[in-house]
Amino acid sequence: MESTMGRDGMATGFGEGSPGRRKNREEAMKRQLGTALLSGTALLLAAMLPAAAQQGAKISNDVVRIGVITDLSGAFSDQSGRGSIAAAQMAVEDFGGTVLGKPVEVLTADHQNKVDVGSAIVREWIDAQNVDLIQDVANSGLALAVADIVRDKNRVAIFNGPSVTRLTGDKCTPNTIHYAYDAYALAKGTGAQTIKQGGDTWYFLTVDFAFGHGLEENTAKIVQENGGKVLGAVRFPLNNLDFASYVTQAQASGAKIVGLATTGMDARNAIKAASEFGLTQSGQQLAGLLLFDTDVHALGLEATQGMYLTTAFYWDRDDETRAFSRRFHERVKIMPNMGQAGVYSSTLAYLKAIEAAGTDEAGPVMEKLKSTRINDVFVKDGWVREDGRFMREMYLMQVKKPSESKYPWDYYTLRATIPAEEAFRPLSQSDCPLVKK
């Protein structure tokens with residue numbers, strides 16, 4: 001029998017050979033073939049798992065749509081507007097532009113600060129364009145209407161623009177989250193902390209609609225609970241231009257703190273008038289109950305120096321916030337405020353919740369949002385409470401003097417960090433029907 005040397009150095013027969021050797025060779029070949037088949041099957045299954053998961057996922061209409069309804073032309077356009085739109089777009093891009101293999105689209109609209117206009121847009125978005133998430137909603141009256149709409153139509157709304165606390169009170173729903181801030185947190189931060197620093201008498205300049213009423217009511221209550229006194233208040237119409245008479249009434253009150261229960265252009269006009277009439281020069285202090293970086297930027301430090309305000313985000317807080325904010329600035333030429341940073345954070349959280357739930361259906365997505373701790377550039381260890389309130393720490397800031405600012409947008413000095421459980425209304429005081437007592 002002819003033979004040659006095999007790879008292992010042993011003689012290997014060619015030809016018929018003995019029956020025993022042929023049988024051994026056949027069994028060895030069967031084992032090798034079986035191993036190869038198992039390995040190939042395992043690799044094939046591993047490659048198919050992501051595709052199978054995506055095929056099992058349920059995305060309505062094969063697209064996830066996010067509708068950012070905001071103020072693009074009115075009093076709140078700087079604090080929300082194009083900045084909120086850019087924030088949502090950045091979040092989608094940073095997430096990768098798709099979720100569960102389906103594209104994510106961002107729709108935008110101007111609600112014109114009209115509840116009927118905004119409500120009609122939201123209904124059309126949901127009914128005709130199958131929008132899944134309503135985002136921002138920088139108007140308290142509209143936010144209350146949107147809460148009802150998404151509850152009835154089983155969609156999700158995340159509020160970053162409005163301050164009204166009823167969103168987590170009697171108007172709370174299983175479909176809504178109040179994310180960035182609210183009137184209670186602003187009042188608690190600015191009211192309680194300024195009293196600790198000697199500002200124990202207050203007078204309010206209040207815009208005459210639900211948003212302003214809520215800010216004044218919450219702040220007055222906090223002031224009184226902390227031993228302060230409210231000496232009076234005056235109300236003015238939205239989009240008011242002449243604040244002379246209101247400022248002189250505040251001066252005549254002798255209050256140490258003049259609280260501005262307003263925001264946007266009304267707040268700016270009130271601060272200008274206060275500066276022109278020498279209110280702060282006479283020893284009184286302004287407290288902005290909803291003041292943004294863009295307001296300080298527009299007015300300048302000369303007019304705003306020394307003011308107190310409460311915020312959930314400051315662009316210059318650390319390296320992470322600075323990196324994000326510079327990217328944001330490249331797009332819209334302003335630094336992001338707490339509402340806009342909140343839009344970014346909550347949009348990312350929403351997309352992650354869809355991914356985790358395997359669907360864009362409102363119920364499972366809300367369940368994931370409420371069971372997941374959130375850590376990103378906006379918040380560390382944030383969570384959604386049972387009433388829909390997003391919980392995170394808040395910051396009391398004081399506006400710097402011009403001589404203290406070292407570079408553009410260097411506006412604030414941190415005066416106090418307020419833990420989440422202290423910053424927001426306790427559940428024991430909630431009238432949200434979702435809260436078990």
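Start by selecting Phe159 and His178: Phe159 stands opposite His178 in β8. The model on screen is a predicted one.

**Across to β6**

On to strand β6, residues 133-136, which runs parallel to β7 and is joined to it by four bridges. Select Ile134 and look across to β7, where Ala157 stands opposite. Next, show helix α4, residues 140-153, together with both strands: β6, α4 and β7 make a right-handed β-α-β unit.

**The whole sheet**

Colour the strands β4-β5-β3-β6-β7-β8, listed here in their order in an open sheet of six strands with mixed pairing. Which strands form the edges? They are β4 (98-99) and β8, each of which pairs on one side only. Strands of a sheet pair through backbone hydrogen bonds, either parallel or antiparallel. For a parallel example, pick β3 (residues 64-70) and β5 (residues 102-110), which pair over seven bridges. Within this pair, Arg65 stands opposite Glu105 in β5.

**Tyr179**

Return to β8 and select Tyr179, in the loop between β8 and α5. Tyr179 counts as buried because its relative accessibility is 2%, under the 20% cut-off. Display its surroundings, not counting residues up to four places away in sequence: Tyr179 touches Ile158, Phe159 and Asn160, and also Gly342, Ser345, Ser346, Ile374, Phe378, Arg389 and Phe390. Then draw a C-alpha to C-alpha distance from Tyr179 to Gly161; the two are 8.8 Å apart in space and 18 residues apart in sequence.

**Helix α13**

Select helix α13, residues 362-371, and show Ala362, Val365, Met366 and Leu369, which are buried. Turn the view to look down the axis of α13: its buried residues fall within an arc of 100°, so they line one face of the helix. An α-helix has 3.6 residues a turn, so residues three or four places apart point the same way. On the other side of α13, Glu367 and Ser371 are exposed. What covers the buried residues of α13? The cover includes β7 (156-159), β8 (176-178), α12 (338-357) and β14 (383-384).

**Empty space**

Rolling a probe the size of a water molecule over the atoms shows where empty space is left. A search of the whole structure finds two cavities of 30 Å³ or more. The largest cavity holds about 90 Å³ of space. Of the 13 residues that line the largest cavity, select the closest to its centre: Phe76, Ala138, Asn139, Gly161 and Phe211.

The largest pocket holds about 310 Å³ of space. To find it, select Thr165, Gly214, Glu217, Asn218 and Arg425, the closest to its centre of the 16 residues that line it. The elements that give two or more residues to the lining of this pocket are α5 (183-196) and α6 (210-225). Which element gives the largest share of the lining? Helix α6 does, with eight residues.

Technical notes: Residues are numbered from 1 along each chain as its sequence is written. This is a predicted model: local features need pLDDT of at least 70, side-chain atom pairs count only at pLDDT 80 or more; totals for chains, interfaces and linings use all residues. Side-chain values use heavy atoms; hydrogens and water are left out. Buried means under 20% relative accessible area, exposed over 50%, partly exposed in between (1.4 Å probe, protein chains only). The arc is that of the directions from the helix axis to the C-beta atoms. Contact means heavy atoms within 4.5 Å. Two strands pair if DSSP finds at least two bridges between them. A crossover is right-handed if, with the strands pointing away from the viewer, the path from the first strand over the helix to the second runs clockwise. On a 1 Å grid over the protein atoms alone, a cavity is a set of points where a 1.4 Å probe fits but cannot get out, and a pocket is an open set with protein on both sides within 12 Å along at least five of seven lines; lining residues have an atom within 4 Å of a point. Grid points are joined across faces, edges and corners, and a volume is the space filled by probe spheres set on the points.
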